[in-house]
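User: I have a chain here that is new to me. Can you put it up and walk me through it?

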Amino acid sequence: MVLQLKPLFMGEAESLPIDGEIDLSAVEIGGLHPLQQPVRVRGEVRLISGVVTLRGTAYFRYDGPCDRCAAPIRREMAIGMDHILVTSLNNEDNDDFLLVENYQLPLDELTEADILLNLPSKILCREDCRGLCQQCGKDLNEGLCGCCTKEVDPRLAALKELLN
């Protein structure tokens with residue numbers, strides 16, 4: 001989806017509503033494709049006092065494994081999108097503004113970038129996920145496994161012998 005923004009930059013319009021779906025099913029995150037459903041983008045591009053801004057939200061469903069216990073997760077998420085749009089930059093390394101070429105904004109690329117940059121580093125099945133036992137692989141959310149939890153770091157084994 002490409003937004004045509006020339007009327008806003010020329011002062012011919014004050015706002016442009018955004019409401020559409022974007023297919024990001026090909027996006028790979030950690031070797032998986034967790035965005036199988038279309039991403040819904042809603043918001044508005046506005047001209048206020050000569051400044052063009054984009055404010056919106058990307059709504060999507062994340063389908064993937066828990067980063068601790070590998071249980072399947074299906075979670076509805078929303079990522080905010082807030083950008084100041086410009087047609088030219090004096091300082092090429094300015095991250096505060098988003099450069100719009102030929103008055104066209106590719107919303108697919110912007111939405112993908114915003115989602116990837118704002119996803120949590122770890123997505124868990126629940127806040128208190130205990131993960132898997134490092135020795136036997138049992139899901140610790142289902143109960144303790146009985147493995148010895150007092151495993152000594154091999155680098156410190158010599159110190160343990162001193163204590164015995």
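User: How much of the protein chain counts as buried?

Analyst: Of its 164 residues, 29% count as buried. Buried means under 20% relative accessible area, exposed means over 50%, and partly exposed is in between, with a 1.4 Å probe and protein chains only. This is a predicted model, where local features need pLDDT of at least 70 and side-chain atom pairs count only at pLDDT 80 or more, while totals for chains, interfaces and linings use all residues. Residues are numbered from 1 along each chain as its sequence is written, and side-chain values use heavy atoms, with hydrogens and water left out.

User: What helices and strands does the chain have, and in which order?

Analyst: There are three helices and seven strands. Along the sequence the pattern is β-α-β-β-β-β-β-β-α-α. Both kinds of element are DSSP runs numbered from the N terminus: helices are H or I with at least four residues, strands are E with at least two.

User: Is the chain spread out or compact?

Analyst: The protein chain is more spread out than a compact globule, because its radius of gyration is 24 Å, well over the 15 Å that the globule rule gives for 164 residues. That radius is taken over C-alpha atoms, and the rule is 2.2 Å times the number of residues to the power 0.38. Along its principal axes the C-alpha trace spans about 80 × 35 × 25 Å.

User: What about the nonpolar core, which residues touch the most other members?

Analyst: In the largest nonpolar core, which has 32 residues, they are V45, L54, F60, L107 and I115. At least two residues of this core come from each of β2 (15-22), β3 (39-48), β4 (51-65), β5 (72-86) and α2 (107-118). A nonpolar core here is a set of buried Ala, Val, Leu, Ile, Met, Phe, Trp, Tyr and Cys residues joined through side-chain atoms within 4.5 Å.

User: Why would such side chains sit together?

Analyst: In soluble globular proteins, nonpolar side chains tend to be buried together.

User: Pick I115. What is I115 in contact with?

Analyst: Leaving aside neighbours within four places in sequence, I115 has contacts with L24, L35, V39, A58, F60 and I79. Contact means heavy atoms within 4.5 Å.

User: And I79, where is that, and is it buried or exposed?

Analyst: I79 is in strand β5. I79 counts as buried, because its relative accessibility is 7%. Beyond four places in sequence, I79 touches G56, T57, A58, F60, D114, I115, N118 and L119. One of these, N118, is 39 residues from I79 in sequence, with 6.9 Å between their C-alpha atoms.

User: Switching to R40. Where is R40, and what does R40 touch?

Analyst: R40 is in strand β3 and is partly exposed at 25% relative accessibility. Apart from neighbours within four places, its contacts are D19, G20, E21, T57, A58 and Y59. R40 and T57 are 17 residues apart in sequence and 8.2 Å apart from C-alpha to C-alpha.

User: Now the loops. Where do N102 and A70 sit?

Analyst: N102 is in the loop between β6 (97-99) and β7 (104-106), and A70 is in the loop between β4 and β5. N102 is not a glycine, yet has a positive phi of about 55 degrees. A70, also a residue other than glycine, has a positive phi near 70 degrees. N102 is exposed, with a relative accessible area of 66%.

User: Which loop holds K138, and what does K138 touch?

Analyst: K138 lies in the loop between α2 and α3 (157-163). With neighbours up to four places away not counted, K138 touches G131, L132, C133, G143, L144 and C145. K138 counts as partly exposed at 29% relative accessibility. Between K138 and D108 there are 40 Å, C-alpha to C-alpha, and 30 residues in sequence.

User: Last one, how many charged side chains are there?

Analyst: The protein chain has 16 positive and 27 negative side chains, and the centres of the two sets lie 11 Å apart. Lys and Arg count as positive, Asp and Glu as negative, with His and the chain ends not counted. The place of a charge is taken as NZ of Lys, CZ of Arg, CG of Asp or CD of Glu.
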